[in-house]
Amino acid sequence: MQERSVTAASKRGALQSLTERELDLKNVPLTVYPYALQRRVKAWVRFGAESIRVDAKVVRSTPSAAGIEFRGLDGQMFRCWVWGNAIQMTEGA
């Protein structure tokens with residue numbers, strides 16, 4: 001079901017991500033998680049003006065943001081940065 005929603009939303013607008021200025025990676029620490037430490041989360045993402053909640057994995061983070069990835073219907077991988085408060089850990093994560 002999620003994959004259909006992601007694919008449909010991606011056709012209506014581009015996936016939004018935090019900007020370089022917002023991330024400020026030159027001045028804040030960046031953590032890249034090995035596969036075994038990637039956590040499953042629910043995350044709010046935005047395609048154009050449309051926001052949807054997706055099941056995703058956190059693959060990197062800063063103190064205030066999370067780099068996530070999730071899939072669409074055809075297996076296409078989507079990656080973006082969201083604010084930390086846009087994610088919620090899922091059970092068993």
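Q: What counts as buried, partly exposed or exposed here?
A: Buried means under 20% relative accessible area, exposed means over 50%, and partly exposed lies in between, with a 1.4 Å probe and protein chains only.

Q: Where do the coordinates come from, and what are the limits?
A: This is a predicted model, where local features need pLDDT of at least 70 and side-chain atom pairs count only at pLDDT 80 or more, while totals for chains, interfaces and linings use all residues. Residues are numbered from 1 along each chain as its sequence is written, and side-chain values use heavy atoms, with hydrogens and water left out.

Q: OK, Phe 70: buried or exposed?
A: Phe 70 is buried, at 2% relative accessibility.

Q: Which ring does Phe 70 stack with?
A: Phe 70 forms a stacked aromatic pair with Phe 78, at 5.5 Å centre to centre and 15 degrees between the planes. Rings of Phe, Tyr and Trp (its six-membered ring) pair if their centres lie within 6.5 Å; planes under 30 degrees apart are stacked, over 60 edge-to-face and the rest tilted. Phe 78 is buried too.

Q: How many aromatic pairs does the structure hold?
A: Three. Another of them is Phe 47 with Phe 70, which is edge-to-face at 6.4 Å centre to centre and 85 degrees between the planes. Phe 47 lies in strand β2 and Phe 70 in strand β4 (residues 65-71), so this pair ties together parts 23 residues apart in sequence. Strands are DSSP runs of E, at least two residues, and helices are runs of H or I, at least four, numbered from the N terminus.

Q: And Phe 47, buried or exposed?
A: Buried, with a relative accessible area of 1%. Phe 47, Phe 70 and Phe 78 form one aromatic cluster.

Q: Switching to charges: how many salt bridges are there in the whole structure?
A: Four, a salt bridge being a side-chain nitrogen of Lys or Arg within 4 Å of a carboxyl oxygen of Asp or Glu.

Q: Which residues does Glu 69 join in a network?
A: Glu 69 meets Arg 79 in a salt bridge at 3.2 Å, N to O. Salt bridges that share partners join Lys 57, Glu 69 and Arg 79 into one network. For Lys 57 and Glu 69, the closest N and O atoms are 3.7 Å apart.

Q: Which of these count as buried?
A: Lys 57 does, at 17% relative accessibility, and so does Glu 69, at 12%. Arg 79 counts as exposed, at 56%.
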